[in-house]
Amino acid sequence: MSTSREQSSARTSFRTSGSPDPSPQRRGVRTGFWREAVTIQGSITPIVLPTVLLFGVLAVFTTVGALLVEQTTGIRVGIASTPHEYIGVALGVLLVLRNNAGHERWWEARRLWGGIVNQSRNLAISGLAYGPRDPRWREGWVRWAAAFSHVARRSLRAERELPELEALLGPDDAARVAAAQHMPTYVAMRLAALLREAVENGEMDRFAFVQVDRERASLIDHLGGCERILRTPLPLVYSIKIRRFIFVFLLTLPLALLYRVGVSWLVPFLTVMVAYPIVSLDHIGVELQNPFAKENLNHLPLDDICRTIEGNLLGLLDAERQGETNPAPGAG
């Protein structure tokens, strides 16, 4: 009994410490216009700032060179601004289209992971409701169901270290999962083996088996959708053409502004002001293509999602034990 209470206490402690960060942004509550307008943490600005400043430096050299040519030869080096106005509109449309395509990938990945959350809960509930009463089977079923989201996250990130599985399943099973060619498939196979064991021992109705196995197969379907997003990025030629377009546009922009502005020292400043949103939108579009990579600012919070799944599923076991220890009044 003391061991059971210690395990229950440890799981409760895990759920408390491993629950998602209840910060305002994670709860969906906005933090205010000015705070988000000036914040640096989580912003794309530190990433694109070197590129933006480099275009500013190139604008300085272009402006100085054009003024020197005019002073020495009397020839005004410049181009009309009208082409840049039309090109700027076309460039903006291209960036918006690519960002929309990236956002569709990000949103689809979020929906697929929402499916993994729901299917993991359904899988655990169905197994506990229709499966054997053997505590060993029920404990293993819930823990392997909770393990799936962790290995799916690690697989999408090409990671093989599984410390969370050592706590869930023990070091031996965690090592077997890590050694598998495709870790999520191995976990799904272990769940299928537990289902087969329950049916062969006559402890699960075959109609219930069909339903629970359908829930198990849905996990692989959702993961397959995530792997499709990961392994089929947007065409590289599309990104190359857009970035060449941006390079030529910003490189020649000082020549279009030089005699339009009238104040030469403003040309590099205006070039930087134009480059900042353009380069930022370009980088955001690239980041949105892979919603699973931790190094991307806009990656999905898979660590929090997996901890939530594990906490929910282990909570079912705790609730079941508490119900057995403290039966309802009038029961039995």
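**Classifications and their grounds**

Mentor: In this predicted model, Val57 has a relative accessibility of 40% and counts as partly exposed.

Trainee: Why is Val57 called partly exposed?

Mentor: Buried requires under 20% and exposed requires over 50%. The 40% of Val57 lies in between, so Val57 is classed as partly exposed. Val57 belongs to helix H3, which spans residues 45-73.

Trainee: Why is Arg216 called buried?

Mentor: The relative accessibility of Arg216 is 16%, and the limit for buried is under 20%. Arg216 therefore counts as buried. Arg216 lies in helix H9, residues 206-231. Leaving aside residues up to four places away in sequence, Arg216 touches Leu123, Ala188, Leu191 and Ala192.

Trainee: How do you know that H8 and H9 are roughly antiparallel?

Mentor: Helix H8 (residues 183-200) packs against H9 at an angle of about 180°, and the axes are 11 Å apart. Angles over 145 degrees count as roughly antiparallel, so H8 and H9 are assigned to that class. H8 contributes Pro184, Thr185, Ala188, Leu191, Ala192, Leu195 and Val199 to the contact, while H9 contributes Arg206, Phe209, Val212, Asp213, Arg216, Ile220 and Leu223.

Trainee: Pro291 sits in the loop between helix H11 (266-287) and helix H12 (302-325). Why is Pro291 called buried?

Mentor: Pro291 has a relative accessible area of 1%, and under 20% is required; Pro291 is therefore buried. Not counting residues up to four places away in sequence, Pro291 touches Arg105, Trp106, Ala109, Ile229, His299 and Leu300. Pro291 and Ala109 are separated by 182 residues in sequence, yet their C-alpha atoms are 7.0 Å apart.

Trainee: What share of the contacts in the protein with a separation of 6 or more comes from residues 24 or more positions apart?

Mentor: Such pairs account for 78% of those contacts. Of the 332 residues, 40% count as buried. The protein exposes about 18500 Å², of which carbon and sulfur atoms supply 61%.

Trainee: How many helices and strands make up the secondary structure?

Mentor: There are twelve helices and zero strands.

Key. Residues are numbered from 1 along each chain as its sequence is written. This is a predicted model: local features need pLDDT of at least 70, side-chain atom pairs count only at pLDDT 80 or more; totals for chains, interfaces and linings use all residues. Side-chain values use heavy atoms; hydrogens and water are left out. Helices (H or I, at least four residues) and strands (E, at least two) are DSSP runs, numbered from the N terminus. Buried means under 20% relative accessible area, exposed over 50%, partly exposed in between (1.4 Å probe, protein chains only). Contact means heavy atoms within 4.5 Å. Accessible areas come from the Shrake-Rupley method with a 1.4 Å probe; for residues, only the protein chains shown count as cover. Axes are lines fitted to C-alpha atoms, for helices over the stretch in contact, and angles run from 0 to 180 degrees between N-to-C directions. Angles under 35 degrees count as roughly parallel, over 145 as roughly antiparallel, 65 to 115 as roughly perpendicular and the rest as oblique.
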